[in-house]
Amino acid sequence: MIEERAFFIDYARCIGCQSCVQACAECDTHRGRSLIHLETIDRHDSVQTAPQVCMHCENPVCAQVCPADAIKQTPDGVVQSSLKPRCIGCSNCVLACPFGVPRYFGEIDQMMKCDMCYDRTSTGKRPMCATVCPSQALAFITLDEFRRTRGGTAINEWRFGDHPVRTKVYLVVPPETPPLLQIQGLGSARPSGAFDRNDVAAWLEQG
Amino acid sequence: MARPPVDIPSLVAAWGPHVNRVPAGGWTTEGEPDRVVQTHCCFCGQQCGIQLKVKHNQVVGFEPWEDFPFNRGKLCPKGVRRYLQNGHPDRLLEPLERVDGRGFQPVTWEAALGRTAAEIRRIQAQYGPDAFAVLTGASLTNEKAYLMGKFARVAVRTANIDYNGRLCMVSAAAASKKIFGIDRAANPWSDLLSAEVILVAGANVAECAPITTDYLWEARERGARIIVIDPRMTPIARTVDLFMPVRPGGDIGIFNGMLHVMIERGWIDRAFIDAHTTGWPAVAETVAKYTPEYASRIAGVPASLIVKAAELWGPARTSFLLHARGIEHHSKGVDNCLAAINLVVASGRIGREGCGYAMITGQGNGQGAREQGQKCDQLPGARDVENPEHRHYIAGVWGVPESSIPHKGLSAVPLLEAIHDGRIKGLLSICFNPAVSLPDGHFIREALGRLEFYAGIDFFLSETMRYADVVLPGSLMEEDEGTTTSAEGRVIHHKKVVDPPGAAREDWRIICDLAARLGAGDKFAFRSPREIFEELRVASHGGVADYHGITWDRIDREHGVFWPCPEPDHPGTPRLYEGGRFGHPDGRAHFQAVEWRPAAEETDDAYPIVLTTGRVVSQYLSGTQTRRIGALVDQYPEPRCEMHPRLAASLGVADGDFVRVESRRGALVVRALVVKTIRPDTVFVPYHWPLGRSANNCTVRAIDPVSHIPEFKICAVRVTKAPPPDDAEAHLGPEAGGLA
């Protein structure tokens with residue numbers, strides 16, 4: 001039996017090249033529209049970027065808040081784009097998703113979102129973004145392969161305030177990170193006076 | 001009379017760049033593609049495998065090619081969107097002739113080729129054979145590169161042929177030849193994975209060789225420590241073990257300083273040095289004065305960082321050096337590379353698994369295109385145009401008297417200078433856009449305007465082709481067939497995917513036709529690119545870059561073959577220098593002692609800031625192709641001037657303000673991008689754009705004395721806040737050199 005492959009996101013690997021964004025728009029089910037998000041955290045401070053695919057929650061918030069019951073899950077847990085005949089374009093899902101994934105497209109009056117390239121994964125291919133990703137910040141591999149080849153910890157349990165969320169997609173975090181990510185609004189900024197490793201001037205002044 | 005026939009906005013309106021946003025056949029293709037062709041990306045030296053989908057003789061999309069071993073399906077944004085060049089509204093579909101005051105008008109192939117041949121012979125009769133020059137490119141296949149070298153020497157009979165690899169790989173090539181005796185990456189990329197420490201010097205891997213990123217991160221997962229040397233914190237530098245924000249031009253300080261510490265701490269391989277090298281005493285003597293403190297003053301980084309780098313590199317059991325244009329684009333580019341490679345040889349860590357060295361080749365066929373004889377100083381097989389034995393062998397292959405092969409000609413920058421001062425009167429170019437890519441842009445464009453006759457072969461009307469008298473519509477990579485040689489030294493096969501559109505022709509047919517009109521038809525009687533490759537195999541045989549054992553069939557069966565491969569039963573050579581056997585006749589590596597020296601133009605009170613130039617991930621070289629692809633233009637529409645907040649504050653500039661960047665030679669006006677990720681004494685502008693957005697308006701026309709690479713990485717500028725430009729060019733689209 002072949003172990004099922006899972007989706008991993010590793011922000012430490014991301015180089016911000018936007019291959020995922022460009023390739024997402026080439027996926028057959030929504031060609032011409034890119035559904036992945038690539039966040040530039042703060043270009044003035046850092047080159048850090050962070051890709052965001054749909055995390056495919058076990059009990060998806062987007063579907064829970066949909067008044068038209070337009071967002072369905074496949075039997076294997078992939079949360080799909082809204083059903084066109086049902087979607088009323090209210091954007092409840094867009095506002096409710098803790099990961100900011102669904103997008104409302106006004107020109108077609110419909111919410112569309114990452115469906116982990118269901119047309120590809122259901123036929124044994126990898127999702128488009130994870131296939132092309134030059135840094136493999138987006139990786140579609142088995143958990144066993146992950147444990148053999150990657151140093152970080154893969155987590156898929158979150159708590160947004162009091163709300164627990166378990167996701168099909170894993171986030172790779174440093175090994176010492178606790179296995180459940182608690183998200184409590186915006187974290188505090190780096191303490192002032194600490195070495196800012198993103199500031200080239202700081203590198204020049206050390207030593 | 002080579003001048004743009006009408007004003008620039010009129011030319012842009014007629015010939016672009018315009019952006020293509022929608023694939024041939026639209027976003028929703030009806031039914032399955034007619035075929036899916038396994039081939040390679042046309043852009044950088046990594047030459048990633050990709051599958052192109054074809055319907056009705058048009059490329060309508062792509063599919064990753066996960067079986068190709070180098071990239072396993074991975075692609076950068078340029079690779080993903082490259083197929084949008086097909087069915088492009090700017091595509092040149094028929095030969096054109098310049099009509100003064102009216103633009104470019106269609107003519108027949110007969111008229112265009114006839115006039116070109118007549119002008120070549122007129123100019124040569126009037127001014128001498130070398131007064132007509134040929135400029136070529138490193139995006140050409142091996143077959144075309146071979147053909148161009150032969151065409152210049154046998155059909156045109158000029159010494160003056162050179163190529164745009166002169167802006168790319170020549171410093172690395174010269175250094176590699178001096179120390180190792182062979183000009184090629186020493187190792188396949190797979191050796192990166194078992195390196196304990198990786199030194200990345202002047203290589204913005206994330207943006208210029210994106211697929212290499214995964215090799216670095218895989219090595220890191222296995223425990224590798226990574227050092228990055230760059231004036232900017234590039235995307236890979238963000239998370240590496242040691243980042244060294246070197247002062248532009250200070251690299252030798254770091255390398256010699258590291259070697260000084262390695263000697264002091266006993267981290268050199270004496271046994272290897274004794275058995276396999278020459279020249280060590282001179283190197284040891286030279287670096288004796290490069291104490292961390294002395295080296296620090298040259299490098300512009302704290303001495304402690306140089307010591308840390310030596311502590312990571314010195315005692316490792318396996319290691320890999322990668323370098324690219326960041327250390328090579330200097331008037332001391334060769335010396336920078338030599339100093340870096342000395343670190344590899346002194347460690348003895350070369351020619352084994354996980355131990356090695358690679359230059360990161362920039363252009364698509366940057367490796368192969370310099371081996372097949374289109375450099376002014378080389379004949380096929382990476383042979384020397386001044387070596388009597390080499391000349392004799394190639395004369396035999398070509399069936400011409402040895403004495404008829406011209407001697408060494410001018411390299412690209414001196415060649416443009418010779419056009420400027422009237423020694424060269426005519427030019428044929430293919431796949432080269434010097435109006436954007438050469439330094440001191442105003443001088444270069446002035447030179448182009450002085451040509452008596454200029455004919456160009458290309459698929460889009462590049463900024464340089466606007467100066468042409470005759471425009472010959474050639475072929476995109478996927479419209480022709482042939483081989484390239486990737487950064488690894490792996491010879492791979494680009495399949496023909498579609499036919500050229502309209503009356504456009506495969507480049508090799510154009511060249512063979514022209515050769516026939518110059519009276520050399522019998523030497524250019526090729527019926528296919530495969531026949532050209534068969535001659536190339538023989539021409540390269542016995543040379544350093546020996547392709548004799550490589551066939552197209554073998555390439556397809558084996559996912560590429562690494563040269564040297566002298567015989568059909570030879571397995572090819574993925575890793576050079578195994579057993580400490582180097583390419584020089586004595587079998588040894590030749591250490592080269594290197595002293596630091598200043599740049600051609602250092603800063604002063606009038607021009608107090610260093611301008612350094614480079615690339616962004618969504619654009620490629622002079623942008624002839626990538627500035628025509630909408631999705632890539634949208635990703636990074638126009639160049640910005642990166643500067644540190646401290647510098648910005650001292651200049652009174654806020655993020656997004658327009659700034660004028662001005663050197664002694666010219667200026668550009670772009671928006672400022674205020675970021676902490678660059679040295680406060682340096683600004684960065686990427687060079688892919690023309691006109692008032694061209695970084696090369698500022699760069700200095702200074703070249704390395706050995707490699708003749710221009711000093712793109714250092715010139716002195718002043719930067720001032722500027723009002724938004726309001727001239728006609730500024731109102732063009734950003735893809736044409738205007739502003740978004």
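Mentor: Start with a definition: pLDDT is the predictor's confidence in each residue, from 0 to 100. We need it, as this is a predicted model.
Trainee: OK. What is the mean pLDDT of chain B?
Mentor: The mean for chain B is 97. Of its residues, 100% reach 70 or more.
Trainee: Why would I care about low values?
Mentor: Where pLDDT is low, the predicted coordinates should not be read in detail.
Trainee: And what ipTM and pTM does the predictor give the complex?
Mentor: An ipTM of 0.96 and a pTM of 0.97.
Trainee: On to the fold. How many helices and strands are in chain B?
Mentor: Chain B has 23 helices and 28 strands.
Trainee: What does the C-alpha trace of chain B span along its principal axes?
Mentor: About 70 × 65 × 60 Å.
Trainee: How does the radius of gyration of chain B fit a compact globule?
Mentor: It agrees, because a compact globule with 740 residues would come out near 27 Å and chain B has 25 Å.
Trainee: What share of chain B is buried?
Mentor: Buried residues account for 65% of the 740.
Trainee: And the contacts in chain B, what about sequence separation?
Mentor: Take contacts between residues at least 6 apart in sequence. Of those, 74% join residues at least 24 apart.
Trainee: Domains next. Where are they in chain B?
Mentor: Domain 1 is 19-85, and domain 2 is 96-168 + 368-571. Domain 3 is 170-359, and domain 4 is 609-736.
Trainee: What separates the centres of domain 1 and domain 2 of chain B?
Mentor: 27 Å, taken over C-alpha atoms. Their contact takes 17 residues from domain 1 of chain B and 15 residues from domain 2 of chain B.
Trainee: Which strands supply at least two residues on the domain 1 side?
Mentor: In chain B, strand 1 (35-40), strand 2 (49-55) and strand 3 (58-64) each do. Strand 1 of chain B has the largest share, four residues.
Trainee: What is that side like by class?
Mentor: Eight nonpolar, nine polar and no charged residues.

Key: Residues numbered from 1 in each chain as written. Chains lettered and ligands numbered in written order. Predicted model: local features only at pLDDT ≥ 70, side-chain atom pairs only at ≥ 80, totals over all residues. Rg over C-alpha atoms; globule rule 2.2 N^0.38 Å. Buried ≥ 20, exposed ≤ 12 C-beta atoms within 10 Å, placed from the backbone. Contact = placed C-beta atoms within 7 Å. Domains from an automatic or database assignment. Nonpolar A, V, L, I, M, F, W, Y, C, P; charged D, E, K, R; others polar.
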